[in-house]
Amino acid sequence: MKILFVFTGVLLSLQILAQEQGSIDSTNYYYANGQYARALPFAKKNFEMLKETNYGDSACISAAHKLAGIYYALLMLDSSLVYFIKASEWAKERHGEGSVQYGGLLSCIATIYGELGKYPEAEEKFQNATAILNKIDSSYKNTYTSCLIAQAGFYITTGNLNKAEELCLKASEIALKEPVNMDKYSSSLDVQGRLYEKMGFYAKLRTIIVQQFEIRKKLYGEKNPRFANAVAGLAHLCELNQNLRKADSLYRKALEIKRQALGKNSVATISILIHIADVNMEMKKYKIAEKYLKEAGHIIYENGGEESSLYLMYSSNLARLYSVSGRKLLAEKLFKKSIAMYDKMGLELHSNRLNLLHDMAELLYDKPVKASVFLKEAMVAENKLLLEKLNFLSETELQTYLKANHNDFDSPYRFLLLHKNAGIEGAAYNNKLLVSGIGLQNARVLYQNMAQSKDSALATLWNNYLAQKSLYTNLLQTPIAKRNTNTDSIANMLNQEEKDILRRSADYRNMKEQLALKWQDVRDLLQPDETAIEFVRFNSQSNMHSSTKAGTVYYAALLLGTKDTVPKFVTLCEEKQLIAAIKKFPWKAAVSSRGRSPQAYVCSSINALYKLVWQPLEPYLNHTQTIYFSPDGLLHKIAFAAIPYSKTQLLCDKYNLVQLTSTRQIKLRESQVQIPVSIAMFGGINYNFQSADTSLQLSGDSYTYLYRENRSAGLDSFRFLPNTLKEINTITINAEALQKQPAIFKFTANNATEAAFRKLGGNHSPEVLHFATHAFTLPDISGQKSNVDAPFKASDNPLLRCGLIMAGGNKGWKGKAGPNEDDGILTGLEISSVQLPNTQLAVLSACETGLGKIEGSEGVFGLQRAFKLAGVNYVMASLWQVPDKETAEFMETFYSQWLAGKTIRQAFFNTQQFMRKKYAPYYWAGFTLVQ
């Protein structure tokens with residue numbers, strides 16, 4: 001009897017085990033194939049059976065974990081959370097609070113809290129999870145990697161992109177350590193892709209998408225749902241490139257793979273359905289777009305409804321569809337609902353919410369008062385986000401981010417083009433104050449902070465960064481065939497080192513808060529006879545209604561006077577009108593004449609420029625004497641002083657014009673006379689010879705070479721400029737006539753080398769740097785073949801395509817300099833690598849030194865920017881090919897004024913007035929002074 005009882009018991013146990021194994025096998029099969037709805041009943045049955053027989057043991061924990069995962073995949077988040085919590089409690093009891101099992105489940109719980117919008121709870125759980133898993137043996141690295149990836153995704157959602165990137169990169173690094181786990185590495189790339197798209201780093205995004213396609217094709221095969229995601233990634237690339245038909249085709253291919261593997265109504269198809277709808281919306285196929293959105297909505301409502309994390313994506317796109325297809329009431333209702341959901345989750349600064357605010361404002365353009373509320377809220381949030389990003393974006397990344405988001409930054413100007421609104425005018429000025437030259441200003445603040453930092457560890461990092469940057473600059477100027485290192489890898493390393501320094505420097509974070517000025521701050525700094533003007537360039541094409549057809553580009557101005565209660569927005573002209581007016585300026589003909597008398601300066605021939613750029617502003621400039629202005633776009637190429645005010649007057653006759661990178665710099669107003677105590681001058685340079693001796697000997701040798709009358713780049717060589725030697729000698733004589741003469745260092749003939757310039761860098765840099773020489777600014781050569789003999793001529797870096805010609809420059813210009821030899825071509829990139837913290841003024845007494853590539857809100861990328869990055873406060877540069885003799889006279893007059901006690905600005909203005917009485921504007925108006 002006892003034997004029979006034992007046998008019966010064993011048989012019953014075997015039956016139970018068989019049932020359990022059947023449930024487990026079915027669960028695993030359907031789960032592995034993404035058929036979560038089919039997996040759910042088997043997972044439930046398996047869990048209930050194990051709970052009865054194996055309460056709290058490892059198998060039971062695993063079953064609860066699996067069930068929670070299925071609920072999560074089905075978007076049933078509340079149920080998922082219940083089972084993850086059960087599993088974690090059992091894991092804590094069985095394995096301990098410091099176990100990998102408990103840490104991994106805490107990460108899952110944190111993920112669900114994040115999906116439910118419970119962000120404080122989510123962050124706390126993630127921090128606890130990473131603290132546990134970071135201490136676990138490396139054999140469990142996959143669990144730790146998964147946690148880092150999930151936490152990075154959480155920080156992307158909540159807008160902490162700095163932390164998200166840090167965790168992404170750490171997860172990738174761990175996944176690639178032996179033994180390599182390509183599945184986890186691929187998952188980390190997914191999150192990085194999301195991050196880089198949100199940042200606007202589309203080049204990095206493209207690299208990741210292409211990489212993912214190859215990885216997943218090899219890992220999973222072409223019928224796996226994860227490979228479908230890689231196909232969808234390629235579709236997204238096509239969408240970004242406006243290849244919409246190809247994008248539509250690839251999205252449909254991805255959808256087919258997922259449906260065959262997971263079923264027609266799988267939640268895994270929702271995002272692809274929405275993407276197909278979005279592409280068709282862009283192609284104006286609204287009925288097709290609505291069909292796919294409704295399919296996505298049907299699945300969402302079957303799997304969690306409005307509590308689903310995908311509902312916001314669905315509702316936002318449906319609202320946009322209603323808007324572009326003319327159903328404004330439905331769109332408005334759904335936009336408001338979506339915005340409210342973000343607010344409820346505490347995501348006021350989420351980028352998707354900001355997009356909704358912009359879309360809502362554009363929808364309500366016919367109701368400007370209501371529209372302005374949403375637009376102003378978006379602008380305030382954007383400024384907060386930008387200030388946050390300054391904490392971790394490198395200079396290059398910041399420029400990329402600004403380019404990617406230029407459409408949103410243009411939104412207030414599009415609105416003001418149609419409607420006058422005081423609130424938006426004020427917010428627009430605040431926006432311009434922050435954005436104008438922000439990359440340049442941010443870099444200068446960083447350099448200033450590093451120079452003053454007392455943190456020895458940080459100083460070591462900084463010095464290493466500067467050394468690597470110098471090596472990188474030299475490498476870029478080496479012919480491609482002679483390079484022994486990949487420049488991209490060094491650029492990436494430098495970028496990461498800069499970000500590490502930013503993250504570690506608390507002082508820098510405090511200093512950059514000085515950038516958060518408001519228009520009221522600028523107004524309060526103005527004197528009664530002063531006006532501030534921010535010029536703006538913007539595209540009329542709206543964000544929501546964008547297409548492959550470009551909109552009209554406009555120019556406008558934001559004016560601010562001492563008595564203004566709000567800035568004034570004034571529309572000026574279209575860019576095509578400005579281009580036509582610029583072509584009428586006479587100096588182009590004068591330059592091409594190569595020494596003959598320049599074309600007469602006939603006001604009527606260029607009156608168009610005055611009518612477009614300045615006449616609309618005149619009604620607001622009563623009682624104004626000094627105008628602080630910051631150009632934008634093509635306005636950087638205009639000599640404002642030479643614009644005719646009447647038949648006999650120029651603008652410089654009526655106004656004291658002060659050009660700034662941004663009117664926030666009014667805060668740095670000149671308060672006292674600053675006579676320089678040290679001046680380093682380069683002139684009378686021998687371009688045909690470079691001495692091997694780089695000692696800083698002075699020389700006054702002259703040459704009898706033939707020379708051209710303009711200080712610009714030659715086709716194949718540069719000739720001696722005799723007036724450059726006279727220029728620096730006259731300045732020296734004038735300085736010596738003063739009682740308190742500055743220390744003057746002259747570098748002429750063979751001694752005016754690149755090495756001589758570099759030795760001037762550092763904490764004891766001279767107060768003034770003066771270059772009287774030839775210069776060049778080469779046009780953009782994107783898409784052309786590289787010139788291996790002279791890399792700077794074919795580089796895509798605008799700071800390499802500009803420079804000053806030093807001793808021996810003819811050899812470098814022809815690409816014949818040796819690999820370790822200064823080539824006599826002092827490029828903008830080389831200049832920017834030299835630290836000039838004490839230098840108040842750089843005078844670039846050469847041709848076209850104020851030109852360069854215009855990069856959105858950052859302005860001109862050329863020699864001006866190079867010296868500003870090096871730390872110089874003022875840069876005097878030229879907008880066209882200046883004549884040798886008259887340029888020397890201009891410079892001599894300027895220094896005599898400055899050394900006699902005038903401020904830099906006063907001396908420059910007085911010099912313009914002096915030259916104005918003697919010469920046509922061609923001879924002097926090309927020089928600008930920019931702070």
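This is a predicted model: local features need pLDDT of at least 70, side-chain atom pairs count only at pLDDT 80 or more; totals for chains, interfaces and linings use all residues.
Local features need pLDDT of at least 70 and side-chain atom pairs count only at pLDDT 80 or more, while totals for chains, interfaces and linings use all residues. Residues are numbered from 1 along each chain as its sequence is written, and side-chain values use heavy atoms, with hydrogens and water left out.

**Sheet**

- An open sheet is formed by three strands in the order β9-β10-β11, with antiparallel pairing; strands are DSSP runs (E, at least two residues) numbered from the N terminus, and two strands pair if DSSP finds at least two bridges between them.
- β9 (775-777) and β11 (825-827) are the edge strands, each pairing on one side only.
- Strand β10 (residues 802-805) is joined to β11 by three bridges, and Ile-805 has Ile-825 of β11 as its bridge partner.

**Aromatic pairs**

- The whole structure holds 35 aromatic pairs, meaning rings of Phe, Tyr and Trp (its six-membered ring) with centres within 6.5 Å; planes under 30 degrees apart count as stacked, over 60 as edge-to-face and the rest as tilted.
- Phe-682 and Phe-747 are stacked, because their ring centres are 4.8 Å apart and their planes at 20°.
- Both Phe-682 and Phe-747 are buried (under 20% relative accessible area, 1.4 Å probe, protein chains only).
- Phe-718 and Trp-813 have ring centres 5.1 Å apart and planes at 75°, so this pair is edge-to-face.
- Both Phe-718 and Trp-813 are buried.

**Cluster**

- One aromatic cluster consists of Phe-535, Trp-614, Phe-629, Phe-640 and Tyr-655.

How values were computed. Helices (H or I, at least four residues) and strands (E, at least two) are DSSP runs, numbered from the N terminus. Buried means under 20% relative accessible area, exposed over 50%, partly exposed in between (1.4 Å probe, protein chains only).
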